[in-house]
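Dear colleague,

I am passing on the structure that we discussed, and my notes on it follow below. Please read them with the model open beside you.

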Amino acid sequence: METSTHEDFMRKAIAWAQKGKETNGGGAYGAVIVKNGAIIAEGHNQVGKETDCTQHAELAMIQEACKKLANKSLEGCILYTSCEPCLMCLGATRWAELEMVYYGASASDAYEAGYIYSDLFYNSHTGKRHVEFNLKQLLREEAVAVWNN
């Protein structure tokens, strides 16, 4: 049995971002939630399709994973997301009790691509935010490439 790596799961999140970019009503953000090496939830931003501003990829996959596991806690799960989560999604990662969050593109990369977060987000201390929410960047160049192709 082949074991997937953090990079493998991040590439799946990035592939979902690409699919979202190409999907009517989707968005160029993807997320994958993994528990014990198995994917629990995976998909892309659904804001346009659902006409629901809360359907960011991270939040939608947290909701899906909670339903699948029949639990409000995702303790022991890892989130892989194609871009650093916004404030709403960061809050959801805390409430879901995710073990770790790996992200591809940074919030600064998103800003440069025209996806603007809030001033509060950009004015917060990046290092402290990354420690508090267990964030680690992975495969930045591959994630940013989704927006540039």
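**Notes on the model**

His44 is found in strand E2 (residues 38-45), where helices (H or I, at least four residues) and strands (E, at least two) are DSSP runs numbered from the N terminus. This is a predicted model, in which local features need pLDDT of at least 70 and side-chain atom pairs count only at pLDDT 80 or more, while totals for chains, interfaces and linings use all residues. Residues are numbered from 1 along each chain as its sequence is written, and side-chain values use heavy atoms, with hydrogens and water left out.

To stay with His44 for a moment, this residue is buried, at a relative accessible area of 7%; buried means under 20% relative accessible area, exposed over 50%, and partly exposed in between, with a 1.4 Å probe and protein chains only. Its side chain makes a polar contact of 3.3 Å with the side chain of Gln46. A polar contact here is a pair of N or O atoms within 3.5 Å; within protein, one must be able to donate a hydrogen and the other to accept it, and residues adjacent in sequence count only if both atoms are side-chain atoms. Not counting residues up to four places away in sequence, His44 touches several others, among them Trp16, Lys19, Tyr29 and Ala57, contact meaning heavy atoms within 4.5 Å.

For Leu79, leaving aside neighbours within four places in sequence, the contacts include Ala31, Glu58, Leu98 and Tyr102. The C-alpha atoms of Leu79 and Ala41, which are 38 residues apart along the chain, are separated by 9.4 Å.

Turning to the helices, H1 (residues 6-22) and H8 (residues 140-148) pack at an angle of about 5°, with their axes 10 Å apart. That angle makes H1 roughly parallel to H8, since angles under 35 degrees count as roughly parallel, over 145 as roughly antiparallel, 65 to 115 as roughly perpendicular and the rest as oblique. The axes are lines fitted to C-alpha atoms, for helices over the stretch in contact, and the angles run from 0 to 180 degrees between N-to-C directions. The contact is made by Arg11, Ile14, Ala17, Gln18 and Lys21 of H1, together with Glu142, Ala143, Val146, Trp147 and Asn148 of H8.

Two loop residues deserve a look. Ala70, in the loop between helix H3 (57-69) and E3, has a positive phi near 50° in a residue other than glycine, and at 69% relative accessibility Ala70 counts as exposed. Glu97, in the loop between helix H4 (87-96) and strand E4 (100-105), has a positive phi of about 60° although it is not a glycine, and at 42% relative accessibility Glu97 counts as partly exposed.

As for the whole protein, there are 8 helices and 5 strands, and buried residues make up 48% of the 149 residues.
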